[in-house]
Amino acid sequence: MPRRLWVLGLGLGLVMAMLGAGSASAAPKKRPDLVVSAVSVSPGKVVAGGVLKVGDTTRNKGRKKAKRSVTRYALSANKKWDKGDVVLGSRAVKALRPGKKHTVKARSVRVAAATRPGTYWLLACADAKKKVRESHERNNCRVAKKRVTVTKRMPAAPRD
């Protein structure tokens, strides 16, 4: 009987060791984590083909340095980055140590003249080119609080 208990104890010890190893691997990895922590846009109304001023703060919330990356801006009908969004432009972000940020207060971006009139959300997405291997890949985008209304471009006046 003592031998049986010893084998049972050994088996339980192995199971516990394996479970412990599994939970340790679920811990966050030491990687960068780029997020857009703030985004702004002005004015709230623009003619298709016109210019908007956008700003953002891209931050590294991770535990390792993030190499250089790109933050991209787009107009979205649904607050999610997808193929139907109107890309406005992008900006370079310097390499960021853990906890550091890079801010641009006002950058001019042109709304494509072919943009359909309507009301859109402005998205800013960090690591838009997916060059940085991050601890969390799904938290890169942020939506501006103010919506943008795109109006139809007026036809040019006829020349005499």
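1. Cys-125 is buried, with a relative accessible area of 6%. Here buried means under 20% relative accessible area, exposed means over 50%, and partly exposed is what lies in between, with a 1.4 Å probe and protein chains only. Cys-141, at 41% relative accessibility, counts as partly exposed.

2. The model is predicted, and local features need pLDDT of at least 70, side-chain atom pairs count only at pLDDT 80 or more, and totals for chains, interfaces and linings use all residues. Residues are numbered from 1 along each chain as its sequence is written, and side-chain values use heavy atoms, with hydrogens and water left out.

3. Cys-125 and Cys-141 form a disulfide, with 1.9 Å between their sulfur atoms; the criterion is a pair of cysteine sulfur atoms within 2.5 Å. By this rule the count is 1 disulfide. The link of Cys-125 and Cys-141 is right-handed, with 110° about the S-S bond. Cys-125 lies in strand S7 (residues 118-125) and Cys-141 in strand S8 (residues 141-143), so the pair ties together parts 16 residues apart in sequence.

4. On the overall fold, the chain has 1 helix and 9 strands. Helices (H or I, at least four residues) and strands (E, at least two) are DSSP runs, numbered from the N terminus. The order of elements from the N terminus is α-β-β-β-β-β-β-β-β-β.

5. Of the 160 residues in the chain, 32% are buried. The accessible surface of the chain comes to about 10800 Å², and 57% of that belongs to carbon and sulfur atoms. Accessible areas come from the Shrake-Rupley method with a 1.4 Å probe; for residues, only the protein chains shown count as cover. Among contacts (heavy atoms within 4.5 Å) between residues at least 6 apart in sequence, 71% join residues at least 24 apart.

6. The largest nonpolar core has 25 residues. Such a core is a set of buried Ala, Val, Leu, Ile, Met, Phe, Trp, Tyr and Cys residues joined through side-chain atoms within 4.5 Å. Leu-52, Leu-75, Leu-88, Leu-122 and Val-150 have the most contacts inside the core. Two or more residues each come from strand S1 (34-42), strand S3 (51-60), strand S4 (69-76), strand S5 (86-93), S7 and strand S9 (148-151). S1 gives the most to this core, with 4 residues. In soluble globular proteins, nonpolar side chains tend to be buried together.

7. What does Leu-88 touch, leaving aside its neighbours within four places in sequence? The partners of Leu-88 are Leu-52, Tyr-73, Ala-74, Leu-75, Val-109, Arg-110, Val-111 and Leu-122.

8. Thr-57 is found in strand S3 and is buried, with a relative accessible area of 10%. The C-alpha atoms of Thr-57 and Ser-37 are separated by 5.6 Å, although the two are 20 residues apart along the chain. Not counting residues up to four places away in sequence, Thr-57 touches Val-35, Val-36, Ser-37, Ala-38, Lys-101, His-102 and Thr-103.

9. The loop between S4 and S5 holds Lys-79, and Asn-78 lies in the loop between S4 and S5 too. Lys-79 is partly exposed, with a relative accessible area of 44%; Asn-78, at 41% relative accessibility, also counts as partly exposed. Phi of Lys-79 is near 70°, a positive value in a residue other than glycine. The charged end of Lys-79 sits over the ring of Trp-121, 4.3 Å from the ring centre. The rule for this is that NZ of Lys or CZ of Arg is within 6 Å of the ring centre and within 35 degrees of the ring normal.

10. Asn-78 touches Asp-85 and Trp-121, not counting residues up to four places away in sequence. Asn-78 and Leu-123 are 45 residues apart in sequence and 10.0 Å apart in space, C-alpha to C-alpha.

11. Two further backbone points concern loops. The peptide bond from Ser-42 to Pro-43 is cis, with omega near -10°, and Pro-43 lies in the loop between S1 and strand S2 (45-47). Phi of Lys-130 is near 55°, a positive value in a residue other than glycine. Lys-130 is placed in the loop between S7 and S8 and counts as exposed at 56% relative accessibility.
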